Amino acid sequence: MIEFAGVTFAYPSPGGDVVALRSVSLSVAPGESVAVLGANGSGKSTLALLANGLRLPREGSVLVDGMDTSDGAHVWDVRIRVGLVLQNPDNQIVATTVEEDVAFGPENLGVEPELIRERVARALETVGLGGLEGREPHHLSGGQRQRLAIAGALALEPAYLVLDEPTAMLDLQGRADVLGVLDTLRERGTGILHITHHLADAARADRVVVLDRGEVALSGTPVEVFAEESLSSLGLAAPPIGELADALRAAGVPVPAAAYTAESVVEAL
Amino acid sequence: MSLGFSDVGYIYGDGTAYATRALGGVTLELPRTGLTLVLGATGSGKSTLLRLAAGLLLPTTGSLTYDGAPVTGPLATAARPVGLVFQSPETQLFAETVIEDVAFAPRNRGRAASESRAAAERALRTVGLDPASFADRSPFSLSGGEARRVAIAGVLAMEPATLLFDEPTAGLDASGRRAVREVVASARRDAGVVVVTHDAEEFLGVADRAVLLKDGAVTFDGPAATLVGEPDRFAEAGLRMPEVLRAQVLAREAGFPVERFSADPAEAAALLGDARGASR
Ligand SMILES: Nc1ncnc2c1ncn2[C@@H]1O[C@H](COP(=O)(O)OP(=O)(O)OP(=O)(O)O)[C@@H](O)[C@H]1O
Ligand SMILES: Nc1ncnc2c1ncn2[C@@H]1O[C@H](COP(=O)(O)OP(=O)(O)OP(=O)(O)O)[C@@H](O)[C@H]1O
Ligand SMILES: [Mg+2]
Ligand SMILES: [Mg+2]
């Protein structure tokens, strides 16, 4: 379990501290997926950095399987358990070829070379980068770099995966593929914290947490959270397919709430 | 016509062992005003197309003209400036403070400091950032969406005659996406605007024209309305259809007499409602 208990965090800044998180409590259990939504600047990426100890809370604590991230003795164990896909994939590139970049994590963990090769091949295949093994990461397109960052985290095979807007630069098919991968991992017991601006993607999670200016404003199942009146004032809006569903519902077609797929709309017809 | 691509090809690392063909045989004409959407799968050549249009890359084969003259270098300082908002905004920000970053273009064009600052503050407000909170922040200590907004503001402050946006809504929240849609919808009245996006749904309703790229080649170039009416074009370009269109296509496949397709959610709902009524 990843547990945030009363976490407050602030960035020191010349004009005074920027408080990014205030008394945040939430958890992610093994095999559970939690989506995090919130306006720009609401603290989502900060939350991600705290989840694997890259940043430490000013107040409160973050526990990973019972280990306090602020306890220096656990730094390594926490990093192994919590894989992180950063919002900007460029900040994650460490090697000069695609293949070495994905191998870097497992190598650091001391995984056997034979196994590393397997994992790297599998991860690259999963994200659709097979064939680009020898390419230089900085010479990839934006979406290809984002897929590379995801492959790097997959190859670590972590107990928990924290993904900060992992599909922001992907085409719709790529986005659907990544969501499929996350579903599979969850079924295998991986705990997932998925930061996104897409309500349709969050609708697939077990639970949704909405951040507002560093505080947890809403939390619950997708159906509960998406029914909240306050959604739009929190900077969230239903995707166009949701608007379509709402309009149909208003016209008397029994479309279920949080119906953010074409299938669920047609089903209701 | 402002930008003209004539049989343009681009190869990264041409002549080296790492040569990668990004575009081939692209012929396009971008008008002086109006909104053109460029859609395509990951790696299809969209960002390369925009870098060429901004004069940041020069064609490997074929030729490119701007206002009738051959393009030989960056167009940011042309008489009719071309502004490009990069896919990764971080690569675009450079100054010590947000306000200096956004005021750079007007300063560079010789505008007075106070006038430049006013223009920059206006641009920041347009993208939903309050100058009072953001002007003096470092552009490198922002959240992802805040950084994209600053990058967009910096290009708006250039007052470009041609505006190129590479994934302008990626990483933006609902209000940020709305702001970008409004910027684009108003800019296209007197500027040529090109938007590269995976978020076709966000712009299909306001676009004049759509271009689909697949593996560096154009597979569709026509009115956005035509693309909406022929959604098979998406699959042809290796793309998944936007969800609103997919709902209408699935409904028709399921036997509902869907008369025509619409990219607008409200109109699509009306069309689906009618189809449901007719099939009862
Ligand atoms: N390095 C930093 N120094 C100072 N302030 C920062 C830094 N990084 C982020 N902030 C500020 O902290 C707050 C939270 O930022 P964070 O990146 O967590 O937001 P976010 O929810 O991920 O936003 P986005 O959707 O735009 O990515 C914002 O107000 C931001 O400006
Ligand atoms: N600097 C570079 N050096 C070598 N190859 C590159 C470089 N930039 C892009 N490429 C390659 O050129 C092709 C087109 O890339 P481009 O960035 O134009 O794609 P894109 O359509 O913008 O993709 P995305 O949606 O992922 O941003 C890809 O195969 C990519 O790997
Ligand atoms: Mg963020
Ligand atoms: Mg691109």
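## A covered strand in chain B

Strand E8 of chain B, residues 192–196, is mostly covered, with five of its five residues buried (under 20% relative accessible area, against over 50% for exposed and in between for partly exposed, using a 1.4 Å probe and protein chains only). Strands here, labelled E, are DSSP runs of at least two residues, while helices, H or I, need at least four, and both are numbered from the N terminus. In a regular strand the side chains alternate between the two faces of the sheet. In E8(B), Gly192(B), Val194(B) and Val196(B) point one way, Val193(B) and Val195(B) point the other way, and all are buried.

What does E8(B) pair with? Strand E3 of chain B (residues 34–40) runs parallel to E8(B) over five bridges, where pairing takes at least two DSSP bridges between two strands. Thr36(B) has Val194(B) as its bridge partner. Strand E7 of chain B (residues 162–166) is also joined to E8(B) by five bridges, again in the parallel sense, with Thr162(B) opposite Gly192(B).

## About the model

This is a predicted model, so to speak of local features takes pLDDT of at least 70 and side-chain atom pairs count only at pLDDT 80 or more, while totals for chains, interfaces and linings use all residues. Residues are numbered from 1 along each chain as its sequence is written, chains are lettered from A and ligands numbered from 1 in the order written, and side-chain values use heavy atoms, leaving out hydrogens and water.

## Ligand 1, between two chains

Now for ligand 1: 20 residues surround it (a heavy atom within 4 Å), and the closest are Lys44(A), Thr46(A), Ser143(B), Gly145(B) and Glu146(B). Chains A and B both contribute residues, so the site is shared between chains. Strand E2 (18–28) and helix H1 (44–51) of chain A, plus helix H5 (144–156) of chain B, each supply at least two residues of the shell.

Polar side-chain atoms of Ser143(B) and Glu146(B) each lie 2.6 Å from an oxygen atom of ligand 1. A backbone N or O atom of Ser42(A) lies 3.2 Å from a ligand 1 oxygen. Taken alone, ligand 1 exposes 640 Å², and the protein buries 90% of that (Shrake-Rupley areas, 1.4 Å probe).

## The magnesium ion

Ligand 3 is a magnesium ion, coordinated by Ser45(A) through OG and Gln87(A) through OE1, at 2.0 to 2.2 Å. Donors are N, O and S atoms within 2.8 Å of the metal (3.2 Å for Na, K and Ca), and water is not among the atoms, so sites may look incomplete. Ser45(A) lies in helix H1 of chain A and Gln87(A) in the loop between strand E6 (82–85) and helix H3 (98–108), so the pair ties together parts 42 residues apart in sequence. Ser45(A) is partly exposed at 23% relative accessibility, as is Gln87(A) at 22%.

Methods:
A polar contact is a pair of N or O atoms within 3.5 Å; within protein, one must be able to donate a hydrogen and the other to accept it, and residues adjacent in sequence count only if both atoms are side-chain atoms.
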